[in-house]
Amino acid sequence: MNNNLKLGVDVVSAHNLLPKDGLGSSSAFVELCFDGQKFRTTIKEKDLNPVWNERFYFNISDPSNLHYLALDAYVYNNVRATNTRSFLGKVSLTGTSFVPYPDAVVLHYPLEKRGIFSHVRGELGLKVYITDDASIKSSTAAASAESLSSKDPNLTHVDNHTTNGRVESRHTFHHLPNPNSHQHQHHSPAPEVHHHHIPKHIADEMKPEPPPPKLVRVYSEASSQPVDYALKETSPSLGGGRVVGGRVLHADKTASTYNLVERMHFLYVRVVKARDLPAMDVTGSLDPFVEVRIGNYRGITQHFDKRQNPEWNQVFAFSRERMQASVLEVVIKDKDLLIDDFVGIVRFDINEVPLRVPPDSPLAPQWYRLEDKKGERVKGELMLAVWIGTQADEAFSDAWHSDAATTVDSTPVTSISLRSKVYHSPRLWYLRVNVVEAQDLIPAEKNHFPDVYVKAQLANQVLKTKTCQARTLNALWNEDLLFVAAEPFEEPLILSVEDRVAPGKDEIIGRVILPLHSIERRADDRMIHSRWFNLEKPVAVDVDQLKREKFASRLHLRVCLDGGYHVLDESTHYSSDLRPTAKQLWRPPVGILELGILNAVGLHPMKTREGRGTSDTYCVAKYGQKWVRTRTIVGNLSPKYNEQYTWEVFDPATVLTIGVFDNSQLGEKGSNGNKDLKIGKVRIRISTLEAGRVYTHSYPLLVLHPTGVKKMGELHLAIRFTCTSFANMLYQYSKPLLPKMHYARPFSVMQLDMLRHQAVNIVAARLARAEPPLRKEVVEYLSDVDSHLWSMRKSKANFLRLMSVFSGLFAVGKWFVDICTWKNPITTVLVHLLFLMLAFLPDLILPTIFLYMFLIGVWNYRYRPRYPPHMNTKISQAEAVHPDELDEEFDTFPTSKNSELVRVRYDRVRSVAGRIQTVIGDVATQGERFQALLSWRDPRATAIFVIFCLIAAIVLFVTPFQVIAALAGFYAMRHPRFRHRLPPVPINFFRRLPSRTDSML
């Protein structure tokens, strides 16, 4: 089968090259190298900003090996006097960045150094793509072009197009578009004409093309990963300039700190208050409200009953992109049952509204006289402030937004639920209650020794000690009970001593109520002093009885708030914060994390409204104790958020999580009630980000449904990690992952799971009390509360991950088997010589190993990942998973399926567990055989081994170790002619040793 796949490279231009000819200029040309092929452009004499517009095609010999190939573009200065060249810079592109022709754009790459002492500057504009058009011929005449250019540098090698007998020659400059032109292109896109089907030989000049789209590169960790599920690098125009390859080019000098999002302009209207409004009702009053209108958009304030001097202090924001009118109207109306009465109006010309750029102070509101519909003044005044600003305005988060406007429900409660907000999760503590003992217990029934236990309750958390069956009126437990407490401490700790008088019947002997703010706190593992507490009666008793009782029952406790732990409120693998609770143990931050949530495209409709599918989406990002929520964009499957947030980073081994949700609080409830529906999420580990680089990628939102994996859309993000203290960040790599108390007094796995569950419930309950609330299903989805549940798919994925980890060892073992079988005699002889050298020079073993690992690391540096890792359907085993396994994974806990289906799944789990049981038994058998060597369980075998050890000790004592090692190595790698097909004697001897399988029932 013929291979028509070719790599096309358009060398467009270079910018700001380094002068090398001694006269402040350079004669530049570009040399391209790919897969053993080399082509060269023409030479542009004495031009630091040369334009080539030349196209080359490379043959791709093996398409399956494309991801491991690289394209190198070297820029040289031609020295005519000596017929030599000097280095100006280079650009290296890996095969993972090659995209099909329709997705290719012109990118200006910063020139890189060739060595440590190289001095380069400038950019090189390239357009790289893959095409399989059979009519395209590869650039085969490059060799002659090189020879001609070396002989006569002034000769230009351009294959001009001949059309209708005429020769056309065009020169076109290609530069990155500025943000204004990009926005204009977005509104009126011009059709793109592809001319890559015309055969070229060496270089041809390209026609002008429209500004490039944002999508430029597609990354996929595995070749079998679908391209639609792959991560895509973009090159958007943000507030700080255009981002290319992680660097901001052509930066805007007037850009604010909001430089990771596209700058959006809004018309802000602050309605403050009104005064001296005329009476509209027969009662001499009115129920005023304000309606702000521009085009088809309308925002309404809350109305007040019978008030002529109302105060609203509400802000409205209208997107400039969607404005279809040039006049802003602010109308005061009187609320009525049937038709609202007109009170007065204030009009503004949009072109006369001032522009405000932070950090300017807020615009002062002014009084405006009301007019009637004819423009004549009427009684009453309205205080307003109208300005044009961006999303960096402090009024942005609290404003009513036109792109979040809905005709379904326009109540103030709904308007609040659409706003963007920042939340802080409560500060969590571990509460440790050590129940030591109780004395002088008075049971309810006389002549009865109580069977007592202590029940401790903190809000919804209830724990019990073991039942103490004492033969006295004193009881001893010495048990630890652990709770999760959140500041501010609202609920007290209640401990009750209960007597089990009969099965299912318990009576309270007494109880103790402890306010949490009075409990001692500690940040280390120092001993907490214990205290005795008198037990109070749960019900009131008469005074005479209290006087007769000289002694009260007592409870011995040791209670403290442990601040030396980090309270785990999320999955351990995706933790976003690892600091202890006690603030005095916090270290200074090592960096700043900035996140720009740009937009989402191709979202899947989550609901039906007015006969068409739509979604009301918002994003939530979580890192540390800070949660952020964008505004809800109503009725849009390609919403633009353009909101930027910042976090302090205390540990690079943490994860930022961003989720996209559909707001179900608008209109009628769906099949899931009023739960917000999850669309997808993205995880980004901070340690995988280079400091100072801007990562602009479009992340696929992959969600696992009962029907299989599904792409719900793409989320466009801009991320930048800035290191504030490089020394502190390096120091973090030497510190334990968790605080000291996790290792000094560790918790059991069961305790950690229970405490994590309680912590998530507390955080969800506190955030649900905010306004607007961050709902429980959102908190649980971003915290991965169900990550510990059983899943056949996850079990297979983890097993394959384990096999992938040991694949290197398996490869080394296979290589050693090939050496021992002399599959390649030359390699085997060289290995023998190397082994002999290391055997007699053992001091070189460790240096050789570490030098080898150093060279591998340096070699892999050029192939290092240039993008954050993302969810992979192949690694997750989500591509070919069985539907019944998915149905089992989405089942509730405990199960809600019928008994027959549960029986089938139980039998399947039993079969899997049987195999695991067999493997574990085999491993245990081998270990027991090692123990049987000296246990005399088999007296003959042990006697043989003991005699062998004596002989080996004498031989090793009189023989140098190097000789023994050399002989053992040569024996292991002996030629197959000296080998037998049967197993060797040591293995036969070992397999005959006894194990404890005979004792198994």
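Helices (H or I, at least four residues) and strands (E, at least two) are DSSP runs, numbered from the N terminus. This is a predicted model: local features need pLDDT of at least 70, side-chain atom pairs count only at pLDDT 80 or more, and totals for chains, interfaces and linings use all residues. Residues are numbered from 1 along each chain as its sequence is written, and side-chain values use heavy atoms, without hydrogens and water.

**Sheet**
- Four strands form an open sheet in the order β3-β2-β5-β6, with antiparallel pairing (a pair needs at least two DSSP bridges).
- β3 (37-40) and β6 (84-94) are the edge strands; each has a single partner, so one side of each lacks a neighbour in the sheet.
- On average, neighbouring strands are turned by 20° against each other, direction ignored (axes are lines fitted to C-alpha atoms).
- Ten bridges join β5 (residues 70-79) to β6 in the antiparallel sense.
- Asp72 stands opposite Ser92 in β6.

**Nonpolar surface patch**
- Leu834, Leu836, Met837, Phe840, Leu841, Leu844, Val963, Leu967 and Phe970 make up a nonpolar patch with about 740 Å² of accessible area together.
- Patch residues have over 30% relative accessible area and no salt bridge, and nonpolar side chains (Val, Leu, Ile, Met, Phe, Trp, Tyr) are joined within 5 Å.
- A salt bridge puts a side-chain nitrogen of Lys or Arg within 4 Å of a carboxyl oxygen of Asp or Glu.
- Areas come from the Shrake-Rupley method with a 1.4 Å probe; for residues, only the protein chains shown count as cover.
- α11 (825-840) and α16 (961-972) each supply at least two patch residues.
- α11 gives the most, with four.
- Leu836 lies in α11.
- Leu836 is partly exposed, at 31% relative accessible area (buried is under 20%, exposed over 50%, partly exposed in between).

How values were computed
Axes fitted to C-alpha atoms, helices over the stretch in contact; angles between N-to-C directions. Patch = residues over 30% accessible without salt bridge, like charges linked within 9 Å, V, L, I, M, F, W, Y side chains within 5 Å. Buried < 20%, exposed > 50% of the residue type's maximum accessible area, 1.4 Å probe, protein only.
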